[in-house]
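Please open the model in a viewer and keep the selection panel at hand.

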Amino acid sequence: MSTSAQSPSAADPASPDAPRTGSTVTDRLVAANGQYAGAFTDPGMDARPVQKVAVVACMDARIDLHAALGLELGDCHTIRNAGGVVTDDVIRSLTISQRALGTRSVILIHHTTCGLESLTEDFRHELELEVGQRPVWAVESFSDVDQDVRQSIQRVRTSPFLPHTDDVRGFVFDVTTGLLREISPAS
């Protein structure tokens, strides 16, 4: 046996520092990252999006934003949350995107059959009953996706923190056809 010192994970696969292999979804994703990193080359990009656009969209797993919009790595900033709604945190991200990283356009994308259409603000009350604390955030549920896109456009256009609000457009992505349908802003 060698007398050289081994790291705990190399010496003992049961060690908490030992890499785990495929026992959870996260383990599989980390393993996939190892393969990705093995072939990765630094693209030499800057954090400023080439297309100078920020896309705000729902986190729905059925929407491949880059493919749907014909975007490549480095083209845009992508901001996703439940519903793709414009919250204070989205305004925060857009403000940094515009003021520090040069974006000028904002695309808002909601979608058909969104899970937020089946939730209500009662969700917060149910959470409070379950965990003993009421969430400080709003669910931002909606029953009319077109109207929620209009509200999101208005929130972006009226934010005092965003210097570039002339090119803000909103869409509904149809999850069955892959097509975007543009929503006219409120008059």
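Begin with the strands: five of them form an open sheet in the order β2-β1-β3-β4-β5, with mixed pairing. Helices (H or I, at least four residues) and strands (E, at least two) are DSSP runs, numbered from the N terminus, and two strands pair if DSSP finds at least two bridges between them. At the edges stand β2 and β5 (180-183), each with a single partner strand, so one side of each has no neighbour in the sheet. On average, neighbouring strands are turned by 25 degrees against each other, direction ignored. Axes here are lines fitted to C-alpha atoms, for helices over the stretch in contact, and angles run from 0 to 180 degrees between N-to-C directions.

The model is a predicted one, in which local features need pLDDT of at least 70 and side-chain atom pairs count only at pLDDT 80 or more, while totals for chains, interfaces and linings use all residues. Residues are numbered from 1 along each chain as its sequence is written, and side-chain values use heavy atoms, with hydrogens and water left out.

Next, display the whole chain as a cartoon. The protein has six helices and five strands, which follow the pattern α-α-β-α-β-α-β-α-α-β-β along the sequence. Of its 187 residues, 32% count as buried, where buried means under 20% relative accessible area, exposed over 50% and partly exposed in between (1.4 Å probe, protein chains only).

Select strand β1, residues 53-58. Six of its six residues are buried, so the strand is largely enclosed by the rest of the structure. On one side, β1 pairs in the parallel sense with β2 (residues 76-81) over six bridges; A54 has H77 as its bridge partner in β2. Five bridges join β1 to β3 (residues 105-111), again in parallel, and V53 has S105 as its partner in β3.

Move on to β3 and β4. These strands pair in the parallel sense over seven bridges, and the bridge partner of L108 in β4 is G170.

Helix α4 packs on it, touching β1, β2 and β3, and its direction makes about 175 degrees with that of β2. Helix α6 lies across β3, β4 and β5, at about 160 degrees to β4.

Which residues have the most contacts inside the largest nonpolar core? Select L94, L108 and V156, which hold that place in a core of 23 residues. A nonpolar core is a set of buried Ala, Val, Leu, Ile, Met, Phe, Trp, Tyr and Cys residues joined through side-chain atoms within 4.5 Å. The elements giving two or more residues to this core are β1, α4 (88-99), β3, α6 (145-157) and β4 (167-173); α6 gives the most, with four. Another core, of nine residues, lies apart from it and includes V53, L71, I109 and F173.

Centre the view on L94. Leaving aside neighbours within four places in sequence, L94 is in contact (heavy atoms within 4.5 Å) with A54, V56, I79, V106, V156 and L162.

Finally, select Y36 and F40. A search of the whole structure finds one aromatic pair: Y36 and F40 are tilted, 5.4 Å centre to centre with 45 degrees between the planes. Rings of Phe, Tyr and Trp (its six-membered ring) pair if their centres lie within 6.5 Å; planes under 30 degrees apart count as stacked, over 60 as edge-to-face and the rest as tilted. At 42% relative accessibility, F40 counts as partly exposed.
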